[in-house]
Amino acid sequence: MASVTSKKTASQFEKGRIEALKEERIKIQKKTFTKWINSFLDKVNLHVSDLFVDLGDGKLLLKLLEIISGEKLGRVNKGTLRVMKMENVGKALRFLSTKVRLESIGAEDIVDGNPRLTLGLIWTIILRFQIQDIHIDEEGAETKSAKEALLLWCQRKTAGYQGVNITNFTTSWRTGLAFNALIHAHRPEMINFESLKHNTNEHNLNNAFDVAYSQLGIAKLLDAEGMLMCMEVCMCVCFLLLF
């Protein structure tokens, strides 16, 4: 009996831990995507504070799509009724559906602030309007996907840097050396790369993000705490796209 109770307790603990990790992942993705969106909306003096709430009426979503696509999407319904919010979000989704295949995302999901689907929508926008435009010109080479091209670009820029071996958009960046190497490759006077080898991962990550922001004007989409706790492909890619 004690053994059964122990197994049940262990199972409940494991389920609780998994749910906690899911919530933490959503929290970090939300933070990163919010900063990414604001890097565009700031240009027109608009701002998202709560991603799951502020996109719900469709107004900021439509403005983001206009900025990032360079196209005009027509009149925005400024009313506050649910049907008016649905109209705005529906217009945004119809526009997106002409550019990319949308699956399982309806206007009601965004209006109601569904976390998973709202994050999925923003990632779809990033994939379509930023990553898809990346190309690597290499005569005789096979065609690469946009993410493969971005990864190859990073590998080429950081080739030869000690302690840097970029093979993905997650674990390869945790030490912070890859971010610093990328900045150093562009502007070597900004970073003393040799001095970073004996520092902690947290220090190196913060150094890269601080220098990128203060010297290159690259928005602080990431922070060391989030990177070390739960690194996601989308987080790293969002930051790299600003270089």
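What follows is a short chat about the pocket and the cysteines.

Author: Before we start, please keep in mind that this is a predicted model.

Reader: Okay, how much space lies in the largest pocket?

Author: The space in the largest pocket comes to about 170 Å³, and the elements that contribute two or more residues to its lining are α1 (2–41) and α6 (115–129).

Reader: And which element gives the most to that lining?

Author: That is α6, which supplies 5 residues to the lining of the largest pocket.

Reader: Which residues line the pocket, then?

Author: The lining is made up of R25, I26, Q29, F33, E103, S104, R116, L117, L119, G120, W123 and C234; sorted by class, these are 6 nonpolar, 3 polar and 3 charged residues.

Reader: Changing topic, how many disulfides does the count come to?

Author: The count comes to 0 disulfides, a disulfide being a covalent bond between the sulfur atoms of two cysteines.

Reader: What about C236, seen from its own side?

Author: C236 is in no disulfide either, since the cysteine sulfur nearest to its own is that of C154, 7.0 Å away.

Reader: Is C154 buried or exposed?

Author: C154 counts as buried, because its relative accessibility is 0%, and C236 is also buried, with a relative accessible area of 0%.

How values were computed:
Residues are numbered from 1 along each chain as its sequence is written. This is a predicted model: local features need pLDDT of at least 70, side-chain atom pairs count only at pLDDT 80 or more; totals for chains, interfaces and linings use all residues. Side-chain values use heavy atoms; hydrogens and water are left out. On a 1 Å grid over the protein atoms alone, a cavity is a set of points where a 1.4 Å probe fits but cannot get out, and a pocket is an open set with protein on both sides within 12 Å along at least five of seven lines; lining residues have an atom within 4 Å of a point. Grid points are joined across faces, edges and corners, and a volume is the space filled by probe spheres set on the points. Helices (H or I, at least four residues) and strands (E, at least two) are DSSP runs, numbered from the N terminus. Ala, Val, Leu, Ile, Met, Phe, Trp, Tyr, Cys and Pro count as nonpolar, Asp, Glu, Lys and Arg as charged, and the others, Gly among them, as polar. A disulfide is a pair of cysteine sulfur atoms within 2.5 Å. Buried means under 20% relative accessible area, exposed over 50%, partly exposed in between (1.4 Å probe, protein chains only).
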